[in-house]
There are 4 protein chains.
Amino acid sequence: MAGSTWGHLFRVTTAGESHGPGYVAIVDGVPAGLALSEADLQPDLDRRRPGQSKIVSQRQEADSAEILSGVFEGMTTGTPIAILIRNQDQRSTDYSDIKEKYRPGHADFTFDQKFGRRDWRGGGRSSARETSVRVAAGAIAKKLLAERWGVGIVGYVLQVGDISAGVPDPSAVTLEQVEATPVRCPDPSTAARMIELIEQVRGERDSIGGVAELCATGVPAGWGEPVFDKLKADLGKAMLSLPAVLGFEYGAGFGVATMRGSANNDALVCEDGEVRTRTNRHGGMLGGISSGMPIVMRCAVKPTSSLPQPQETVTTQGEATTIETKGRHDPCLLPRFVPMAEAMLALVLADHALRQEAR
Amino acid sequence: MAGSTWGHLFRVTTAGESHGPGYVAIVDGVPAGLALSEADLQPDLDRRRPGQSKIVSQRQEADSAEILSGVFEGMTTGTPIAILIRNQDQRSTDYSDIKEKYRPGHADFTFDQKFGRRDWRGGGRSSARETSVRVAAGAIAKKLLAERWGVGIVGYVLQVGDISAGVPDPSAVTLEQVEATPVRCPDPSTAARMIELIEQVRGERDSIGGVAELCATGVPAGWGEPVFDKLKADLGKAMLSLPAVLGFEYGAGFGVATMRGSANNDALVCEDGEVRTRTNRHGGMLGGISSGMPIVMRCAVKPTSSLPQPQETVTTQGEATTIETKGRHDPCLLPRFVPMAEAMLALVLADHALRQEAR
Amino acid sequence: MAGSTWGHLFRVTTAGESHGPGYVAIVDGVPAGLALSEADLQPDLDRRRPGQSKIVSQRQEADSAEILSGVFEGMTTGTPIAILIRNQDQRSTDYSDIKEKYRPGHADFTFDQKFGRRDWRGGGRSSARETSVRVAAGAIAKKLLAERWGVGIVGYVLQVGDISAGVPDPSAVTLEQVEATPVRCPDPSTAARMIELIEQVRGERDSIGGVAELCATGVPAGWGEPVFDKLKADLGKAMLSLPAVLGFEYGAGFGVATMRGSANNDALVCEDGEVRTRTNRHGGMLGGISSGMPIVMRCAVKPTSSLPQPQETVTTQGEATTIETKGRHDPCLLPRFVPMAEAMLALVLADHALRQEAR
Amino acid sequence: MAGSTWGHLFRVTTAGESHGPGYVAIVDGVPAGLALSEADLQPDLDRRRPGQSKIVSQRQEADSAEILSGVFEGMTTGTPIAILIRNQDQRSTDYSDIKEKYRPGHADFTFDQKFGRRDWRGGGRSSARETSVRVAAGAIAKKLLAERWGVGIVGYVLQVGDISAGVPDPSAVTLEQVEATPVRCPDPSTAARMIELIEQVRGERDSIGGVAELCATGVPAGWGEPVFDKLKADLGKAMLSLPAVLGFEYGAGFGVATMRGSANNDALVCEDGEVRTRTNRHGGMLGGISSGMPIVMRCAVKPTSSLPQPQETVTTQGEATTIETKGRHDPCLLPRFVPMAEAMLALVLADHALRQEAR
C-alpha cells in the first residue's frame, strides 16, 4: 500500500528516481499473445521525453526502454513485463543548491516531513521523470485496447494561459493533427499562438499553466464498477496522480453547476439498432459505467514550479531565503503532459476491460 | 475487485440496493479503543437523509443505523464494525414504469449493458441511497481523525446555479454556520437566494446543479503517497465515486490554467518555528502529500437527472418514448451532497493517516 | 488490510463476534444471473451449526441466514450480496470467568497483546462461530462452480486420533456417504469407531484432534497464478485461516520427503484426446496451476482447546491459576470442520476461476 | 491480481524468466532510514545460487544484484527499491528438447493450458530461479526485522529422504551451524549422512525429497490479523508459493491429529513479568497471532522433477514419448531451499510488523 502500484488486473508497479540509476516498471496481467517489442514503446516515450522541441526542457534523455521479461518470440507470454529505462543526463550538480532549500511548489518539504529524508538530487521520487515508465506501460495498454477492443485514445492541449482552442468534436481529433506542432494542439492557428505565448513566458523567466483534453473512442458500454471503482473515479484518480494536475472534469464538467436538469440530460435514442445519446454532456459515463459514447475529460495543469528567477522560500532549517532554479525546465508542462495523460487513461481502461472480462 | 471496497488500512465495504431490505457497511481497520455507539453515527445520517427539509426529496427514511459488531463496552475492539440500515419507505410501485424505459442521466442502460440485468426498482445499486452507509462509516473516520490527530472536516454549498457564495477562508467555516440553513451554505444571505432558486426550479418541474467546497484542517504534513496514491488522487477518486459529480479540483483548481508560475507558487515561510506557506493555492498538498496547510477542494454536482416532466428516451427494446419521473426527488442535490462528501473526505484521510503510521 | 477480506474477484468480507448481535458477510463479485435464495445457504449452515448431533457442541443456534442485497427476482444481480446471521443462544454468563484468565490454546492473550483489549464474552472475533458466514458465502461459490464449470467439492474426516479411514479414491466420495454418519467419515465402519472414540474422550472431559481430507473434481487445467498466488498457496492459506488448523498438505504431501523423483513424478499420458497423469501424487496442481486432475488436500486439526477440566494458566495480571471451561464445546472439531473447509476451498476456486476468465 | 505481488505494506513484485535477460523485484514500503547496499543482499543470494557446492546444480550464475532505486547516501529513502539480477549462464540449447514435450512434475502442461503459450526455454516464469529476487527482497526484510524489532530468522534442513536430524531447540540453531556444511543441516553427523545420500541418489540419476524447518525468534506478541490474514495462514501461503513445496505445518503440526487437548495445550505461565507458555506446541501463534514464543514451521519439499533418466510423458500434440533431462539440476532441492524459505518468512513478518504499526 505504499502507493507505487496501479490497477487490479492490468497492474503497473514503478520504481526509480530522477537522478538514480534509472526507472523500472513491472506490468503484470497483460494477456498472452500480444505482439510486443521495444519498438512499440518508443514512440510515446519520444513524445514524453525532454529535449524533443524548443518549447520543452532541454535535458537530454534518450528514454530508451529495455524489456526484461514477459515477451518471448515477439509475443507476450502472460507473465509480468519488466521495463528498464536508465537515466543518462543527470547533471546532479545542477541541483546541489536544493539540498538546503525547499523549492516552492515542489514536494521537497512534504517529503522531508513524510520520510525524514529525501533524495535531494532533483525531485527524486516526485520528479515527473517517473512518468517515463508509466508511458511505456501505457503504450502496452494502448496496443491491447486497440487490438482487442478497437479502442482509440487521443489527447491534446486545449488551453495554454488565456489561449483556448475550439475542438467541436474530440472524437474526431487524430494523432497526426496533435503531433503536427510541438505544442500538441490540434488547431494549427491556436497552436501557433500557444507556442508564441510559451516562448514569451520563457523569455520572461516564468512559466504558464493550461488544460489538456483527452478522448477515448470505441469503449463498449459496461466498463466500470458501480460504487467506489466507478470509471470516472478511477480516471480522476489516474489524472490527479500525475504531477501538477489540480483539476479534473469529464463531459460537461464544472459547467453542470449552472445547468438545469432538463438541459443537461442527454436524450437516449436508438440508431441502427444501437442505443446511444443524442448529445454527450455525460462524457461517455453514466453511473460511473461507460455508455458506449466517447469518453471525454479535461485536466488543469499548473505552471511549472521551478523558475529561473528568485522565489521566496526557507532553508531546511527554517531560515528565510530565496531560490532560483538553474536546471533545465519546461516553461509550460502541457505539451509533454499529453502522452502522460494518455498513458494513464489507457491503464485505467485496460484494467477495467479485464475486470469486465471476469464478470 | 468488484468495486464495493474503499481504502487499504481504514477499509469500508458496502452492500445494498435502494429497494431491497437494506444497506450494510463493514468498516475494517478501526483502531481499538475509540469510544463509539450508534449515537455517533446518527447526526451525519440525519444530515444526509431525505425528508429533512422542504428543499430535498420527501422520501421518508429514518436511516437508523444498528452496529452489529466491533464495539464492546462502548469501545471499538479493533475488529470490523458492521453497520446495518434497513430500508423503510420503499414504495417500489413508484418505480415500476422504469422497468421498461431507460431514464436519461441514470445508470439504467449502463447496468443492463454491464450485468445483463438490473434491479429496476429505483436506482438499485446505483442509487445515491447507497451513500447512507458511507456516511455512517465516515462518521467513525471523522471521530477517529478528530480524537487522534485533531483533524476537523467541514463541507458546504458554494454555488447553486448562478448563485455563488464568497467564502474567503474555508478553514474558518463552522458546522454551525453550515447547518444554519437547509441549503448548507455558510453565508446566510446567499443561502436565502439559493433556497429561493431551488424552490423556483422545483416549481418549474426542473432541477439545478452546483458546487460544494470542503476543507480539512489540522492535517499534519506527510500524509499521502508519492506516486499513484497521492492524497489529491485519492481525494479526487473519492469525490468522483459519489453520484452526480462531474468535476473535482483542489486549491487554485482550474484557475491554474491561466496563471504564471511566479504568481501561482506559494512562498514558504517560517512562523513560530513551523514551516508553512503564505498563501494556499496548493490546497494543502504538494507532490500529493499534505503540507500542513488546510486541504481545500471543490466538486461540481450535476442537476438531478430524474425530472417530473417528460424526457425523451428509449425503451429497453430500443423504441422511442418519453419518461416522466413520479418519485420523490431532490430539485438540487447539493444540500444532501455535503455530508456524503465530508464522509468520503474523512475515509480518505483516515486511511492515509494509518498508512503513515505504518511508515 | 485488516484481514477480514478474502479473494480478489470473488471477494468475501466478514464481521461479527460470537456474543455480539450477529455476523455479516458481504460477497462481492458474484456474476449476475445465478439463481439464489436463502434456501441455497441453509444446508451447509446446518452442517456447520452446533447442536446438530450428539458428538458436537450443544450450543443452540439456528444459524438462519438473511440475504440483504444483491439478489432480485431470485437471481443475483452482479452487485454485492450481504448475508446476516443473528446470534441467538449467547449465554454470555457462561464465559464471565474468562474475562480475568487467559484460556490455554485460545487467542485471549494474543488479542490483548494486539489490541490492548478484547471482547471477553467467548472467543469474540476469534471464535469459530465466525465461520458461519464463510460457510454461507462458500455455498454461493459452490453453486457458481457447479453450474458454470461443473466443479464438485466434497470434504470428509479422514482421521480422528489414531483411527484412520482408508479412502482409495477421494474423487469418488459422495456427499451422501459423508453425511451418512454424524462424524462425516465416508467409511461406515471407521466412522463408528471414530464416534466411539469421541464419546469416550468426552466422557474423560478431554478432546481429540484429527485430519480432514478435501477433494475438488472437474476443475479445468489452468486455474492458479504462476508465482505468489499459486493455487496451492491460496488453498494452503485458506485452510490455515480456519481455527485449529496446524498443518496443510496436498497430493503426496509430507510423504514426498522420503521419495525419489523417479517414483514421485506422475507420468503424463493421453486418454481420449485429453492429457492427464496416470497417478495423482501432484494433487491436481503443477507449478501451482490446476492440471485437470482432482485436487486433493488434507488439514491437521488440533484437539479443542477448551476443556471441562482444570488447566494451568495465568490471570490477565500474570498470576498463576487454573481454568476449567464450563461452556458447551466440541470434544472433536473435525465433524463441523468439514463444511468450513469445503467453503474455503470453494471460495479459493471461485476466485481463481474468475481470475482466469480475465486472462 | 496476476499473482506477482506479495504483501500489503512491505510489498514485493517480481518479474523475470529463467532464460530471458534477467529478473527484477520492486520492494515497496521499506521504511526510510535503513542502511542498505548491494552487499546486504549478496550473502543470501550466494546461499541460494546454483554452483555453490558439489551437491547442487552446476549452472553458473553469479546472481549479482544491482539496486536501481530507493537508496540514497547509503540509506533507504522510503521509496520503492528496484533490484536487477541479470541472467548469465543461460545455455538455452540445453532446453530445446522440452519445446515439444511436457516434463513430468513441471508446469509445462499447465502453463500451456493457462496461457496458450509458454517460454519453453527452461521453466520460464515457473523456474525456481525466480526466487533469486525474492531472496534479495527477503534480505532487506531480514535486516529491517533485525534492526527494528530484534527478530532473528534461521532455516535448516531437517530431513533428506529417511535421514532426519534431531533438533531439540530450533530457537538455538545458529546461521554458523547451518552453513557449516553444504547440506545446511545443523547437526554435523546427520549432515554427513545426508550428503552421502544425495551423492548416491545423483549417481543413480535420481533425486530425493526432504523437509526444512524454520524458526523466527524475537517476534513480539501481537503480529497477525484475526480472520483471513492470520500469521499462520500467510506463512503457509508464503511457503507454498515456493516451488516443490507440498506440505506446511507449524508447531506440533500433523502431530496434533493424535493428541488429546489436555496434552496438546501449552500451559500459560508468567516468568520475569512476561506471560509465555511452558511448551511451544502452538509454534508461536495462537488464533493466528504471534504469542511471543519462537515461531517454528516445517515444509515438505518434493524430489526434483527433472531427472537424467527417461521418464514417460507426452508431446504437446499428445503423443506418447519419453523425456530425459540434460540440464544441470539439483539432486536434492533442500540445501538451496533454505534461503528461499527464510526470505519468504522474512517477507511475511516484515509485512505484518508494519501492519501492526498501523494499528
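Predicted model: local features only at pLDDT ≥ 70, side-chain atom pairs only at ≥ 80, totals over all residues.
## Chains A and B: symmetry

Two copies of a chain are related by a rotation about an axis and a shift along it.

## Chains A and B: the contact

On chain A, 92 residues are in contact with 92 residues of chain B. Helix H6 of chain A, residues 231-240, gives the most to this side, with 6 residues. By class, the side of chain A that touches chain B holds 38 nonpolar, 37 polar and 17 charged residues.

Strands also join across the two chains. Strand S11 of chain A (residues 245-250) is linked by 3 bridges to strand S11 of chain B (residues 245-250). These two strands run antiparallel. A:Phe248 has B:Phe248 in S11(B) as its bridge partner.

## Chains C and B

Chain C touches chain B as well. Here 36 residues of chain C are in contact with 36 residues of chain B. Three strands of chain C give two or more residues each to the side that touches chain B: S2 (11-16), S3 (22-28) and S7 (81-86). That side of chain C divides into 15 nonpolar, 14 polar and 7 charged residues.

Strands of a sheet pair through backbone hydrogen bonds, either parallel or antiparallel. Chains C and D contribute to an open sheet of 10 strands, with antiparallel pairing. The order is S9(C)-S8(C)-S10(C)-S16(C)-S11(C)-S11(D)-S16(D)-S10(D)-S8(D)-S9(D). In that order, S11(C) stands beside S11(D).

Which strands stand at the edges? They are strand S9 (163-164) of chain C and strand S9 (163-164) of chain D. Each has a single partner strand, so one side of each is left without a neighbour in the sheet. At the chain C end, 2 bridges join strand S8 (residues 152-160) to S9(C), and the two run antiparallel. There, C:Gln159 in chain C has C:Ser164 in S9(C) as its bridge partner.

## Helix H1 against H3 in chain A

Two packed helices are described by the angle between their axes and the distance between the axes. In chain A, helix H1 (residues 38-48) packs on helix H3 (residues 131-149) at an angle of about 135°. Their axes are 8 Å apart. H1(A) and H3(A) are therefore oblique to each other. The crossing of H1(A) past H3(A) is right-handed.

From H1(A), the contact uses A:Asp40, A:Leu41, A:Asp44, A:Leu45 and A:Arg48. These meet H3(A) residues including A:Thr131, A:Val135, A:Ala139 and A:Lys143. By class, the H1(A) contact with H3(A) has 5 nonpolar, 3 polar and 4 charged residues.

## Helix H1 against H8 in chain D

In chain D, helix H1 (residues 38-48) packs on helix H8 (residues 334-357). The angle is about 140°, and the axes lie 7 Å apart. That makes H1(D) oblique to H8(D).

Which residues of H1(D) meet H8(D)? They are D:Asp44, D:Arg47 and D:Arg48. Their counterparts in H8(D) are D:Arg336, D:Pro339, D:Met340 and D:Ala343. This contact of H1(D) with H8(D) has 3 nonpolar, no polar and 4 charged residues.

Note on methods:
Residues numbered from 1 in each chain as written. Chains lettered and ligands numbered in written order. Axes fitted to C-alpha atoms, helices over the stretch in contact; angles between N-to-C directions. Helix = DSSP H or I, 4+ residues; strand = E, 2+ residues; numbered from the N terminus. Parallel < 35°, antiparallel > 145°, perpendicular 65-115°, else oblique. Left-handed = near helix turned anticlockwise from the far one by under 90°. Contact = placed C-beta atoms within 7 Å. Nonpolar A, V, L, I, M, F, W, Y, C, P; charged D, E, K, R; others polar. Pairing = 2+ DSSP bridges.
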